[in-house]
Amino acid sequence: MITLFNRRELTITWDQARQAEIRSILSDHGIESMVKLVDFHGSSNAWNRYGHNAGTFGLNRDYLYAYKIYVRGKDYEEAEYLIRG
């Protein structure tokens, strides 16, 4: 099980397909992974601190979400080798 205390960030990507590919590679080699979705916008219905709707008009939707992929610290080197190769 990956926890806050034994995990290490392997990579970060904005490409949903790439994060799925990385997780598949890791899984195929028996390496457990965890993904944290980072939302750089909030939500499309978010209100900023002044009460204005913070919509997404004009924003490139490809860069609204980042995927941080974590593995156990002991698996980091092997995982890094697998996704780089």
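Predicted model: local features only at pLDDT ≥ 70, side-chain atom pairs only at ≥ 80, totals over all residues.

Q: Is β3 largely enclosed or out in the open, and why?

A: Largely enclosed by the rest of the structure, because six of the eight residues in β3 (residues 65–72) are buried.

Q: Let me zoom out. What's in the chain overall?

A: Two helices and three strands. Going along the sequence, the pattern is β-α-β-β-α.

Q: How much of the chain is buried?

A: Buried residues are 29% of the 85 residues. The accessible surface comes to about 6,100 Å², and 50% of that belongs to carbon and sulfur atoms.

Q: Okay, helices now. Which residues of α2 are buried?

A: In α2 (residues 76–84), the buried ones are Y76, A79, L82 and I83. They span an arc of only 130 degrees around the axis, so they sit on the same side of α2.

Q: Why would residues a few places apart point the same way?

A: An α-helix has 3.6 residues a turn, so residues three or four places apart point the same way.

Q: Then what's on the other side of α2?

A: That's where E77, Y81 and R84 are exposed.

Q: What covers the buried residues of α2?

A: The cover includes β1, α1 (16–28) and β3.

Q: Changing topic: where is S33, and is it buried or exposed?

A: S33 is in strand β2. It's buried, because its relative accessible area is 13% and the cut-off for buried is under 20%.

Q: Which side chain does S33 have a polar contact with?

A: The side chain of R23, at 3.2 Å.

Q: What else is S33 in contact with?

A: Leaving aside neighbours within four places in sequence, the contacts of S33 include I2, L26, I69, Y70 and V71, along with R23.

Q: Last one: what share of the chain's contacts with a separation of 6 or more comes from residues 24 or more positions apart?

A: For those contacts, it's 78%.

Note on methods. Residues numbered from 1 in each chain as written. Heavy atoms only, no water. Buried < 20%, exposed > 50% of the residue type's maximum accessible area, 1.4 Å probe, protein only. Helix = DSSP H or I, 4+ residues; strand = E, 2+ residues; numbered from the N terminus. Arc of directions from axis to C-beta. Contact = heavy atoms within 4.5 Å. Areas by Shrake-Rupley, 256 points an atom, 1.4 Å probe, with all protein chains shown as cover. Polar contact = N/O pair within 3.5 Å; in protein donor to acceptor, adjacent residues only side chain to side chain.
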